Amino acid sequence: MWTNGKPPFPYYYDKNTRSVLVDETKRPIYRAIVEKYINGTNLGHIAIWLTDNKIPTPYNIKPDGKNKGWSNITVQRLLASEIHLGYITYGKTRSKRGQVELVPEEERIKVMGTHEKLKTPEEHEVIMERLLKNRMLNPNSRRNIFPLSGLLYCEKCGSRMRFRVGENKKQGQHWSALCYHQYKDGSKCE
Ligand SMILES: [Zn+2]
(Lines give C-alpha, C1' and ligand atoms only; values in the text may rest on other atoms or scores of the structure.)
Protein backbone atom coordinates (compact mmCIF):
# COMPACT_ATOMS: atom_id res chain seq x y z
CA MET A 1 0.00 0.00 0.00
CA TRP A 2 1.16 3.51 -0.84
CA THR A 3 2.02 5.48 2.31
CA ASN A 4 4.58 7.87 0.89
CA GLY A 5 2.44 10.96 0.30
CA LYS A 6 2.39 12.56 -3.13
CA PRO A 7 3.78 10.12 -5.70
CA PRO A 8 6.27 11.46 -8.25
CA PHE A 9 5.49 12.76 -11.72
CA PRO A 10 3.60 11.38 -13.73
CA TYR A 11 1.79 9.35 -11.04
CA TYR A 12 -1.06 10.45 -8.80
CA TYR A 13 -2.74 8.92 -5.79
CA ASP A 14 -6.34 7.84 -6.37
CA LYS A 15 -8.28 8.09 -3.10
CA ASN A 16 -11.17 5.87 -4.26
CA THR A 17 -9.09 2.86 -5.23
CA ARG A 18 -6.29 3.77 -2.75
CA SER A 19 -3.80 3.14 -5.48
CA VAL A 20 -1.15 4.98 -7.45
CA LEU A 21 -2.21 5.61 -11.05
CA VAL A 22 -0.59 7.23 -14.07
CA ASP A 23 -1.81 10.67 -15.16
CA GLU A 24 -2.40 10.01 -18.87
CA THR A 25 -1.69 13.63 -19.81
CA LYS A 26 1.72 13.39 -18.12
CA ARG A 27 2.66 9.87 -19.23
CA PRO A 28 4.02 10.87 -22.70
CA ILE A 29 6.03 13.69 -21.09
CA TYR A 30 7.67 11.33 -18.61
CA ARG A 31 8.49 8.87 -21.38
CA ALA A 32 9.92 11.70 -23.50
CA ILE A 33 12.21 12.68 -20.58
CA VAL A 34 13.51 9.10 -20.28
CA GLU A 35 14.01 8.69 -24.03
CA LYS A 36 15.65 12.08 -24.48
CA TYR A 37 18.14 11.36 -21.70
CA ILE A 38 18.94 7.86 -22.98
CA ASN A 39 19.44 9.30 -26.47
CA GLY A 40 22.00 11.82 -25.25
CA THR A 41 20.10 15.02 -24.39
CA ASN A 42 21.62 16.45 -21.21
CA LEU A 43 19.75 17.31 -18.00
CA GLY A 44 19.90 21.05 -18.60
CA HIS A 45 18.39 20.81 -22.07
CA ILE A 46 15.61 18.56 -20.83
CA ALA A 47 14.86 21.07 -18.03
CA ILE A 48 14.68 23.91 -20.57
CA TRP A 49 12.47 21.87 -22.88
CA LEU A 50 10.04 21.12 -20.00
CA THR A 51 9.96 24.72 -18.79
CA ASP A 52 9.48 26.06 -22.34
CA ASN A 53 6.57 23.69 -22.82
CA LYS A 54 5.02 24.97 -19.57
CA ILE A 55 4.99 21.54 -17.94
CA PRO A 56 4.26 22.07 -14.22
CA THR A 57 7.18 21.03 -12.01
CA PRO A 58 6.67 18.12 -9.62
CA TYR A 59 8.83 19.70 -6.92
CA ASN A 60 10.44 23.01 -5.94
CA ILE A 61 7.30 25.10 -5.83
CA LYS A 62 8.29 27.87 -3.43
CA PRO A 63 6.16 28.68 -0.35
CA ASP A 64 5.23 31.99 -2.02
CA GLY A 65 3.60 29.98 -4.81
CA LYS A 66 6.17 30.97 -7.42
CA ASN A 67 7.19 28.16 -9.69
CA LYS A 68 10.73 28.61 -10.93
CA GLY A 69 10.51 25.96 -13.62
CA TRP A 70 12.42 22.72 -14.00
CA SER A 71 15.99 22.48 -12.76
CA ASN A 72 18.70 19.96 -13.60
CA ILE A 73 18.29 18.50 -10.11
CA THR A 74 14.54 18.03 -10.57
CA VAL A 75 15.08 16.18 -13.85
CA GLN A 76 17.89 14.13 -12.32
CA ARG A 77 15.81 13.16 -9.27
CA LEU A 78 12.95 12.11 -11.53
CA LEU A 79 15.19 10.06 -13.82
CA ALA A 80 16.92 8.29 -10.93
CA SER A 81 13.68 7.41 -9.09
CA GLU A 82 13.10 3.69 -8.55
CA ILE A 83 9.36 4.23 -8.10
CA HIS A 84 9.05 4.23 -11.91
CA LEU A 85 10.68 0.79 -11.88
CA GLY A 86 7.81 -0.40 -9.71
CA TYR A 87 9.44 -0.11 -6.29
CA ILE A 88 8.14 1.54 -3.14
CA THR A 89 10.52 2.57 -0.38
CA TYR A 90 9.60 2.78 3.28
CA GLY A 91 11.39 4.47 6.14
CA LYS A 92 12.65 7.52 4.24
CA THR A 93 12.64 9.64 7.37
CA ARG A 94 13.25 8.98 11.05
CA SER A 95 13.05 10.96 14.22
CA LYS A 96 16.30 11.74 16.00
CA ARG A 97 16.43 13.97 19.08
CA GLY A 98 12.98 15.28 18.20
CA GLN A 99 14.06 16.23 14.68
CA VAL A 100 12.94 14.40 11.58
CA GLU A 101 15.84 13.53 9.32
CA LEU A 102 16.29 11.72 6.03
CA VAL A 103 17.43 8.09 6.28
CA PRO A 104 20.37 7.09 4.02
CA GLU A 105 19.14 5.23 0.95
CA GLU A 106 20.83 1.94 1.85
CA GLU A 107 18.99 1.80 5.19
CA ARG A 108 15.52 2.12 3.67
CA ILE A 109 13.16 -0.77 2.97
CA LYS A 110 12.45 -1.38 -0.72
CA VAL A 111 9.60 -3.56 -1.98
CA MET A 112 7.86 -4.09 -5.34
CA GLY A 113 4.59 -2.13 -5.42
CA THR A 114 1.43 -2.74 -7.44
CA HIS A 115 1.54 0.48 -9.49
CA GLU A 116 2.34 0.50 -13.21
CA LYS A 117 6.02 0.44 -14.17
CA LEU A 118 7.06 3.23 -16.53
CA LYS A 119 10.65 2.32 -17.33
CA THR A 120 12.48 -0.94 -17.81
CA PRO A 121 15.44 -2.09 -15.67
CA GLU A 122 17.57 -1.79 -18.84
CA GLU A 123 16.56 1.86 -19.30
CA HIS A 124 17.21 2.54 -15.61
CA GLU A 125 20.68 1.05 -15.90
CA VAL A 126 21.56 3.27 -18.87
CA ILE A 127 20.21 6.32 -17.02
CA MET A 128 22.18 5.59 -13.84
CA GLU A 129 25.38 4.94 -15.78
CA ARG A 130 25.09 8.29 -17.53
CA LEU A 131 24.24 10.15 -14.31
CA LEU A 132 27.25 8.59 -12.59
CA LYS A 133 29.53 9.48 -15.48
CA ASN A 134 28.31 13.10 -15.36
CA ARG A 135 28.93 13.23 -11.63
CA MET A 136 32.51 12.06 -12.09
CA LEU A 137 33.06 14.71 -14.75
CA ASN A 138 31.70 17.37 -12.37
CA PRO A 139 33.20 16.45 -8.98
CA ASN A 140 32.08 19.77 -7.48
CA SER A 141 28.41 19.39 -8.26
CA ARG A 142 27.83 17.10 -5.29
CA ARG A 143 30.32 18.57 -2.85
CA ASN A 144 28.89 22.05 -3.28
CA ILE A 145 25.30 20.96 -3.03
CA PHE A 146 24.54 23.49 -0.27
CA PRO A 147 25.03 27.24 -0.69
CA LEU A 148 27.62 27.44 2.11
CA SER A 149 29.37 24.10 1.54
CA GLY A 150 33.08 24.43 2.22
CA LEU A 151 32.65 27.92 3.67
CA LEU A 152 31.57 27.34 7.28
CA TYR A 153 34.02 26.47 10.06
CA CYS A 154 33.28 25.52 13.67
CA GLU A 155 33.79 28.42 16.09
CA LYS A 156 34.98 26.07 18.83
CA CYS A 157 37.51 23.82 17.05
CA GLY A 158 37.95 25.34 13.60
CA SER A 159 36.96 22.23 11.67
CA ARG A 160 34.97 22.46 8.49
CA MET A 161 31.24 22.12 9.13
CA ARG A 162 29.22 19.36 7.50
CA PHE A 163 25.69 19.82 6.25
CA ARG A 164 22.68 17.69 6.99
CA VAL A 165 19.24 17.76 5.42
CA GLY A 166 16.28 17.47 7.76
CA GLU A 167 12.56 17.61 7.38
CA ASN A 168 9.82 18.52 9.83
CA LYS A 169 6.26 19.81 9.67
CA LYS A 170 7.09 23.30 10.93
CA GLN A 171 10.05 24.17 8.71
CA GLY A 172 9.58 21.75 5.83
CA GLN A 173 12.86 20.61 4.32
CA HIS A 174 15.83 22.49 5.71
CA TRP A 175 19.53 22.00 6.31
CA SER A 176 21.76 22.51 9.28
CA ALA A 177 25.52 22.84 9.65
CA LEU A 178 27.14 20.60 12.25
CA CYS A 179 30.63 19.96 13.55
CA TYR A 180 31.60 16.28 13.56
CA HIS A 181 35.14 16.86 14.80
CA GLN A 182 36.54 14.32 17.23
CA TYR A 183 39.29 15.31 19.66
CA LYS A 184 42.33 13.11 20.27
CA ASP A 185 40.85 11.86 23.57
CA GLY A 186 37.84 10.57 21.65
CA SER A 187 35.38 13.21 22.78
CA LYS A 188 33.27 14.91 20.17
CA CYS A 189 33.06 18.63 19.55
CA GLU A 190 29.29 18.65 18.96
ZN1 LIG B 1 33.97 21.87 16.27
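**Close-up 1. Helices H2 and H3 are roughly perpendicular to each other.** The class covers angles of 65 to 115 degrees; under 35 degrees counts as roughly parallel, over 145 as roughly antiparallel, and the rest as oblique. In this predicted model, local features need pLDDT of at least 70 and side-chain atom pairs count only at pLDDT 80 or more, while totals for chains, interfaces and linings use all residues. Residues are numbered from 1 along each chain as its sequence is written, and side-chain values use heavy atoms, with hydrogens and water left out. H2 and H3 pack at about 100 degrees, their axes 8 Å apart. Axes are lines fitted to C-alpha atoms, for helices over the stretch in contact; angles run from 0 to 180 degrees between N-to-C directions. Helices (H or I, at least four residues) and strands (E, at least two) are DSSP runs, numbered from the N terminus. From H2, Leu43, Gly44, Ile46, Ala47 and Leu50 meet Asn72, Val75, Gln76 and Leu79 of H3. By class, this contact has six nonpolar, three polar and no charged residues. Ala, Val, Leu, Ile, Met, Phe, Trp, Tyr, Cys and Pro count as nonpolar, Asp, Glu, Lys and Arg as charged, and the others, Gly among them, as polar.

**Close-up 2. The largest nonpolar core has 24 residues.** Such a core is a set of buried Ala, Val, Leu, Ile, Met, Phe, Trp, Tyr and Cys residues joined through side-chain atoms within 4.5 Å. Phe9, Ile33, Tyr37, Leu50, Trp70, Val75 and Leu79 touch the most other members. Strand S2 (19–22) and helices H1 (27–38), H2 (43–52), H3 (72–80) and H4 (121–137) each supply at least two residues. H1 gives the largest share, five residues. Beyond its neighbours within four places in sequence, Leu50 is in contact (heavy atoms within 4.5 Å) with Ile29, Ile33, Ile55, Trp70 and Val75.

**Close-up 3. His115 sits in the loop between strand S6 (109–112) and H4.** His115 is buried, at 7% relative accessible area. Buried means under 20%, exposed over 50%, partly exposed in between (1.4 Å probe, protein chains only). A polar atom of the His115 side chain lies 2.7 Å from the backbone oxygen of Ile83. Leaving out residues up to four places away in sequence, His115 touches Tyr11, Val20, Ile83, Gly86, Tyr87 and Ile88.

**Close-up 4. Thr93 lies in strand S4 (residues 93–96).** Thr93 is partly exposed, at 39% relative accessibility. Residues up to four places away aside, Thr93 touches Val100, Glu101, Leu102, Val103 and Glu167. Pro104 is eleven residues from Thr93 in sequence and 8.8 Å away in space, C-alpha to C-alpha.

Key. Polar contact = N/O pair within 3.5 Å; in protein donor to acceptor, adjacent residues only side chain to side chain.
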